[in-house]
Amino acid sequence: MRLSQLFTKTSKNIPSDETARSARLLIQAGYIHKEMAGAYAYLPLGLAVIDNIKTIIRKEMDELGASELLMTTMQSKDLWQKTDRWDDQKVDIWFKTELKNGTTVGLAWSHEEPIVAMMKDYLSSYRDLPVAVYQFQNKLRNELRAKSGILRGREFLMKDLYAFSTSAEELQDFYDRVSDAYMRIFAAVGLGNDTYLTYASGGAFTQFSHEFQTVTEIGEDTIYLSKARRLAVNKEVYKDDVLAQLGLNKEDLEEMKAAEVGNIFNFGSTKSEQLGVTFTDQSGHEKPVYLSSYGIGISRLMGVIAEHFADDKGLVWPTAVAPAQVHLIRLGEASQVVKQADKLYSSLTAAHVSVLYDDRDERAGKKFADADLIGIPNRVLVSDKTVNDVSYEWKSRTSDESELMSEEQLLKTLAIKD
Ligand code: ATP
Ligand code: MG
């Protein structure tokens, strides 16, 4: 990616209608564009971050044996009536609209009902089970307040996974595997130390559901966490009897602000019974399918990462999600400098290192300030100094020290920093 070709521009103006630091920085650096409160477009840099998060998640979904699909945004009223979740009194964040013929349709705030109903066409025997499907899809929710930028959108991107099992035990086994996969995902995006498996209230089938909560001041939730046990409980279940059941003591728990980045749910057989999703077991008996569902708020996660690592100069991305691994800055327009920078850009690209190349004719101060704001973890400078020394100047986003190195050393350093 060449900065001279990137249409987005960085801005010094702090967006006054955004209170969240992540939203301000993401807008100023050109990652997102605000369409209206709670609705943001993802610009090239922002989309690159989203894609990196998706890649990390896809790898774990593949390992779970789940298949990717894509459901529709328009949903049937009849279907949601069957499970008693159509009524605005029951689900208060619905967006609903009408077809030209007067038929009311709902706009997806979740895909649980449609996925279960759809899978009914494909599940009949125990031989078809277990099976798991997932998607990356926008959800639309008429949230009362959308005040934390991409942490709470009215339109946002979610990864949702649904598993269909033959028994409660088989479901539980998959549930535990997903729970572990989620922790690996949050670790891979850089939030491993601050994300806690959190006990939350359950539904008709189980006492608990589980949330994945990342400790952050901007979070809207309060959790009570045990650092030693690496788990937490949310406000709903912060009661003496529950704590005793989990072997937790009030005195050992810390109250913290946190953002819910994921949520996993065991529906047992309730939803399948409501929607009539059954299978025939080995002895020919008809049984309800067991359902569990697993969400990760992709856009919220991006906002939480931005919040978590930003410093007073701008964004700071962990390498795994950064829009590029290297921010290559050319200082000066002398032909030798241009030549050396172009050459390095080609060889890094050839070595599959992703590069944001600042090839603009701008002053050094502007280039450095932009690089700080954009927050790519590695910075490489090409200037008169490096041309004369046949070297490159490398520094990390968060340190003031730089090092001169050969191309070979540079490639090694980048591989290690990866
Ligand atoms: P919350 O309690 O924050 O409103 P939720 O429990 O309603 O979230 P789920 O239905 O469990 O959310 O959705 C799965 C995940 O999607 C959540 O864990 C969260 O990360 C994300 N998410 C939910 N609502 C939003 C939103 N309005 N904007 C961005 N992400 C969201
Ligand atoms: Mg939730």
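Trainee: In which strand is the place of Tyr-290?

Mentor: Tyr-290 lies in strand 16, residues 290–297, where strands are DSSP runs of E of at least two residues and helices runs of H or I of at least four, numbered from the N terminus. This is a predicted model, in which local features need pLDDT of at least 70 and side-chain atom pairs count only at pLDDT 80 or more, while totals for chains, interfaces and linings use all residues. Residues are numbered from 1 along each chain as its sequence is written, chains are lettered from A and ligands numbered from 1 in the order in which they are written, and side-chain values use heavy atoms, with hydrogens and water left out.

Trainee: Is Tyr-290 buried or exposed?

Mentor: Buried means under 20% relative accessible area, exposed over 50% and partly exposed in between, with a 1.4 Å probe and protein chains only; Tyr-290, with a relative accessible area of 18%, is buried.

Trainee: How are helix 2 and helix 8 placed relative to each other?

Mentor: Two packed helices are described by the angle between their axes and the distance between the axes. Axes are lines fitted to C-alpha atoms, for helices over the stretch in contact, with angles from 0 to 180 degrees between N-to-C directions. The axes of helix 2 (residues 44–63) and helix 8 (residues 298–309) come within 10 Å and cross at roughly 110°, and the two helices are therefore roughly perpendicular, a term for angles of 65 to 115 degrees.

Trainee: Which residues in helix 2 and helix 8 meet?

Mentor: With contact meaning heavy atoms within 4.5 Å, Gly-46, Val-49, Ile-50, Ile-53 and Ile-57 in helix 2 meet Ile-298, Ser-299, Leu-301, Met-302 and Ile-305 in helix 8.

Terms used: Parallel < 35°, antiparallel > 145°, perpendicular 65-115°, else oblique.
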